[in-house]
Amino acid sequence: MEQFQGRVWLLGDNLDTDVICPGRLLDAPIEEIAEHALESVRPEFRAEVRPGDVIVAGGNFGCGSSREQAPQVLKAMGISCVVAESFGRIFFRSAIAIGLPVLACKDVAGAFADGDTASIDVEKASVTNVAGGAVMSGERLSPEMLEIITRGGILELLKEKTGGAQ
Amino acid sequence: MAMTSAERILARASGRDTVAPGDYVTADIDKAMCNEGFAAVAMNLGAAGISKVFDPERVVVIMDHYVPPPTERAAMIQKIVRGAVSAFGLPNFYDGRYGVAHQVMMERGHALPGELIVGTDSHTCTYGALGAASCGIGFTEMAYALATGRLWFRVPETVRFHLEGDLPPLVMSKDVILKIAGDHGAEVAQYRAAEFSGTGAGAMTMASRMTISNMSMEIGAKFCFFETDARAEEFLHGLPVGGYDPLVFDESARVFAEYSLDLTSLEPQVALPHTVENVQPVSSLERTPIHQALLGSCTNGRLEDLQAAALLLKGRSVHPDVRMLVYPASWAVYRLAIDDGTLADLVDAGAIVMNPGCGPCFGSHGGLLAQDEACVASTNRNFIGRMGSDKAGVYLASPATVAASAAAGYIADPRDL
Ligand code: SF4
């Protein structure tokens, strides 16, 4: 699996799916949700996020709703990987299911400042602050999860099973 | 070997004798619930070239979030759902008027003890009140589950909560789960299963148990369990259901952590904006004026919740500065609350009674907040912007506290009314 190196958006604890995708936009296309993603905590996110950026966050990232638009919009905006101290369970699963790499790593938020560069190896579950600091070890994903991410999402596995048509 | 509820059900569903926390299993799904998210699920199925679901009888589609559709786009989503339900030939379809999906699943007998159930909604864990292992998943995973009838699960550890003694008058099961969130944090059951036991749990009605299992999501729980005791059997007795495996806890099974809560001394609790763990006893709160009081949702929109509010508001008036909205959790609840006069009492007090459904609970329609407004709500989430403006505040409380506050105009202790 590829390794990621990207500029860090540092976010806090308990960042919920409503903040990533407000409820009033649940009937909207992803491009419209992208105009408002994270705006209540980081108003500049929309204008300044660049493809390849990574999110580093505190505990319980993506807690709350099952809305898949949350990981989808982050992926669509170019976020290459989300590393958090812990995740809301459904966000974590859905991110993997759509092929957005996620990594749980204890104490990771304290090792980064906003705008630092993070180097991440998802398969080895390691995270490093390129500006210096120790290699941090996160929780390894299972081989099944890694395969889903590598393939670009669980639908790709499904297509393979059905040969693309039934 | 002694197994927790989660281990027992996942072992059964994956065809193994035993499983242990941390194991990954691929398990057969007993039921799959979809709300309006079925529009996205169907699109994913189409993209993968799938035209059949694994077992149409095991799929339940219930529209609840956009009832009635507040926007043209929402109406379109519902239209897509109806088309997809018909294309996939799904017999268990509840179009908008039946109520919130979780309530409908329970009261129509679609959720049974011992089953493994997934749903496209985070509060699918509600069915644990009956002893089902149920949890929310996303649209892409649901497409996979509907196509194959299977899904991967990580066997969770279990956290046990012993609830002891009876709740004092005007203190409700909502106060219990808020107290737990306040004392132990929003991650006390993160990735884990929660088992609720003890005399306090046993004494609770099914409706009260459902409030706790619903909100177990807010303390991170993947599954939540109550035992299938006589009360649960009685609930199931009235439903058109066949056989099921009653869930009995094995107290000798190894759990990750245990907590005890003495219910006899519990006071009404409130979660302040913007997290569920920001909890205080209502009695210690500074006077907090409110502009909206919301009674309803899959957390607290059942008959006993409406009755508790009506009892307090009968002969009183909703404060002139407050709009009080009532969203019964289902059509069945609505109908019963008409028959026994509950809705009449609420309407006479000045409440606005709305249709069954999610209403403003997720911030899309039917009672949103302007900036600097505050709402006391019997719902389950008070995230920033959850109910309208991201500069508004949502306070989570029990139906009794919501009713007392609606009358007072500020967040009020129902015991003082
Ligand atoms: S009532 Fe609220 S919490 Fe329950 S399903 Fe509807 S939006 Fe979700």
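**A walk through chains A and B**

In this predicted model, the N-terminal end of helix α12 of chain B, which covers residues 331–339, is capped by B:Ser330, a side-chain oxygen of which lies 3.3 Å from the backbone nitrogen of B:Ala332. Beyond the other end of the helix, α12(B) is followed by B:Gly341, a residue whose phi is positive, near 85°.

Of the 417 residues, 63% count as buried, and among the contacts in chain B with a separation of 6 or more, 75% are accounted for by residues 24 or more positions apart. The accessible surface of chain B comes to about 14000 Å², and carbon and sulfur atoms contribute 51% of that area. As for charge, chain B carries 31 positive and 47 negative side chains, with the centres of the two sets lying 5 Å apart.

The C-alpha atom of B:Ile117 is separated by 12 Å from that of B:Cys224, a residue 107 positions away along the chain.

Several loops of chain B hold backbone features that deserve a separate look. The peptide bond from B:Val67 to B:Pro68 is cis, with omega near -15°, and B:Pro68 has its place in the loop between β3 (59–62) and α3 (72–88). Another cis peptide bond joins B:Pro273 and B:His274, where omega is about 0°; here the second residue, B:His274, is in the loop between β12 (269–271) and β13 (279–281).

Positive phi values are found in residues other than glycine as well, including B:Leu170, for which phi is near 70°. B:Leu170 lies in the loop that runs between β8 (158–164) and α6 (173–184), and at 34% relative accessibility it counts as partly exposed. B:Tyr191, likewise not a glycine, has a positive phi of about 60°; it lies in the loop between α6 and β9 (193–197) and is partly exposed, with a relative accessible area of 25%.

In chain A, attention may turn to A:Ser80, which lies in the loop between α4 (69–76) and β3 (81–84). With a relative accessible area of 14%, A:Ser80 is buried, and its side chain reaches the backbone oxygen of A:Gly52 at 3.1 Å. Once neighbours within four places in sequence are left aside, A:Ser80 is in contact with A:Gly52, A:Asp53 and A:Val54, with A:Leu100 and A:Pro101, and with A:Phe4.

How values were computed. Residues are numbered from 1 along each chain as its sequence is written. Chains are lettered from A and ligands numbered from 1 in the order in which they are written. This is a predicted model: local features need pLDDT of at least 70, side-chain atom pairs count only at pLDDT 80 or more; totals for chains, interfaces and linings use all residues. Side-chain values use heavy atoms; hydrogens and water are left out. Buried means under 20% relative accessible area, exposed over 50%, partly exposed in between (1.4 Å probe, protein chains only). Contact means heavy atoms within 4.5 Å. Accessible areas come from the Shrake-Rupley method with a 1.4 Å probe; for residues, only the protein chains shown count as cover. Lys and Arg count as positive and Asp and Glu as negative; His and the chain ends are not counted. The place of a charge is taken as NZ of Lys, CZ of Arg, CG of Asp or CD of Glu. A polar contact is a pair of N or O atoms within 3.5 Å; within protein, one must be able to donate a hydrogen and the other to accept it, and residues adjacent in sequence count only if both atoms are side-chain atoms. Helices (H or I, at least four residues) and strands (E, at least two) are DSSP runs, numbered from the N terminus.
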